[in-house]
Amino acid sequence: MTALLLANIDLEELFAQLMAELKKRKPNLDLRIWPECGKPEEIEIVLAWCPPLGVMQRFPNLKLIISLGTGVEGILVDPDLPDGIPIVRLISENQTLEMVEYVTFAVLLFQRRFIEYQALQRSRRWEYLPAQDARSFTIGILGMGNLGSTVAKKLAAMRFPVRGWSRTPKAIPGVECFHGHEQFKLFLSKCRLIVCLLPLTPETQGILCHETFSALPTGAYLINVGRGKHLVEADLLSALDSGQIAWACLDVFHQEPLPKDDPFWSHPRIIVTPHIAAIGPAEEFAVSILDAINCSREGRPLKNAIDRNRGY
């Protein structure tokens, strides 16, 4: 089979590691990199990361699209995406654990007020800041898929009251679950901190907005590790200025890399990280990619296939 790495963003080092792992495990794999794709009819597999629009329709023998990210919105946005081609996304155990680590660290920065102690240190001030007991620091997780449910269970094990919100009903031990638009504000009403781990769909785009922030207790915290377009950026800046949101930790943005003149860089109550919450090891992704290719070739069921109608 011939596979094409189709990307519209420069992640040369990560892609080089992945390519090396794929070739090590399957030396005879014909692996090409866009735009050097050769004859279009030879391409049967596309490995996609923010793919350029309108390209995949050029491959008449395309059998499988593998998203190199957990989200597939960058693929589904293509108006010329060929119908009937299965799309799978990669889910890595280590990537999930990295997300748990990132979110847990950010939660503790806020709950134990480490971020404020940094400011005191710079001012050479020895001052005690009372931390809120974990048992009364309610955390809300938006999105209860593989990542969200795992994060929720880990935080609950640390004594945090955890609420989860999803499109459809879920039942997770130790987590108070809410679902649907009707229960959204009820879900938010007691959350001292919210973590966005939603897939990006037309329904979730812009969900982190003035209306959502206003439904939270005053002085709440935000961690966005979902997608940049979940956030209405101007609304966050207004909420920070008013004190409705105390701090925000952002790993994803509308435009990546984040422009050097973006106000988020210099805002005193925003933590910026460059989309590194959960990258995952190239070795594990290579194994998953080859498994998907083998399943496609042998006609076996595909793992982690997405539903195009739902968008995830």
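How many aromatic pairs does the structure hold? Here are some notes to read alongside the predicted model.

1. **Aromatic pairs.** The answer to the opening question is eight. One to look at is the pair formed by F253 and F264, whose ring centres are 6.3 Å apart and whose planes make an angle of 50 degrees, so the pair is classed as tilted. Both residues sit in the loop between β11 (245-250) and β12 (270-272), and the pair therefore ties together parts that are eleven residues apart in sequence. With a relative accessibility of 7%, F253 counts as buried. F264 is buried too, at 1%.

2. **An aromatic cluster.** While you have the rings on display, pick out F110, F137, F160, Y221 and W247, which form one aromatic cluster. F110 is also among the buried residues of helix α3, and that helix is the next stop.

3. **Helix α3.** This helix covers residues 93-111, 19 residues in all. At its start, a side-chain oxygen of S92 comes to within 3.3 Å of the backbone nitrogen of N94. After the helix comes R113, which has a positive phi, near 65 degrees.

4. **The buried residues of α3.** Which residues of α3 are buried? They are Q95, T96, M99, V100, Y102, V103, T104, A106, V107, L109, F110 and Q111.

5. **The largest nonpolar core.** This core has 34 residues, and I141 and I223 are those with the most contacts inside it. At least two residues come from each of α3, β6 (139-142), α5 (146-157), β9 (193-196), β10 (220-224) and β11. The largest share, eight residues, is supplied by α3. As general background, nonpolar side chains tend to be buried together in soluble globular proteins.

6. **Around I141.** Neighbours within four places in sequence aside, I141 is in contact with G148, V151, A152, L155, V162, R163, G164, W165, F187, V195 and L197. Another core, of 28 residues, lies apart from the largest one; L198, L236, A248 and L258 are among its members.

7. **The annotated domain.** An unreviewed UniProt entry places the feature "domain: D-isomer specific 2-hydroxyacid dehydrogenase NAD-binding" at residues 107-277. In the model, the end C-alpha atoms of this span lie 13 Å apart, and the span is 27% helix and 19% strand.

8. **I85.** Is I85 buried or exposed? At 13% relative accessibility, I85 counts as buried. Its place is in the loop between α2 (73-76) and β5 (87-89). Leaving out neighbours within four places in sequence, I85 is in contact with L62, K63, L64, I65 and R308. S136 is 51 residues from I85 along the chain, and the C-alpha atoms of the two are separated by 47 Å.

9. **D307.** This residue is found in the segment after α9 (282-298). With a relative accessibility of 31%, D307 counts as partly exposed. A polar atom of the D307 side chain lies 2.8 Å from the backbone nitrogen of N309. Between the C-alpha atoms of D307 and S214, which are 93 residues apart along the chain, the separation is 33 Å.

Terms used: Residues are numbered from 1 along each chain as its sequence is written. This is a predicted model: local features need pLDDT of at least 70, side-chain atom pairs count only at pLDDT 80 or more; totals for chains, interfaces and linings use all residues. Side-chain values use heavy atoms; hydrogens and water are left out. UniProt positions are given in the numbering used here, feature names are shortened, and annotations may be inferred rather than shown by experiment. Helices (H or I, at least four residues) and strands (E, at least two) are DSSP runs, numbered from the N terminus. Rings of Phe, Tyr and Trp (its six-membered ring) pair if their centres lie within 6.5 Å; planes under 30 degrees apart count as stacked, over 60 as edge-to-face and the rest as tilted. Buried means under 20% relative accessible area, exposed over 50%, partly exposed in between (1.4 Å probe, protein chains only). The expected span of a helix is 1.5 Å times one less than its number of residues. A polar contact is a pair of N or O atoms within 3.5 Å; within protein, one must be able to donate a hydrogen and the other to accept it, and residues adjacent in sequence count only if both atoms are side-chain atoms. A nonpolar core is a set of buried Ala, Val, Leu, Ile, Met, Phe, Trp, Tyr and Cys residues joined through side-chain atoms within 4.5 Å. Contact means heavy atoms within 4.5 Å.
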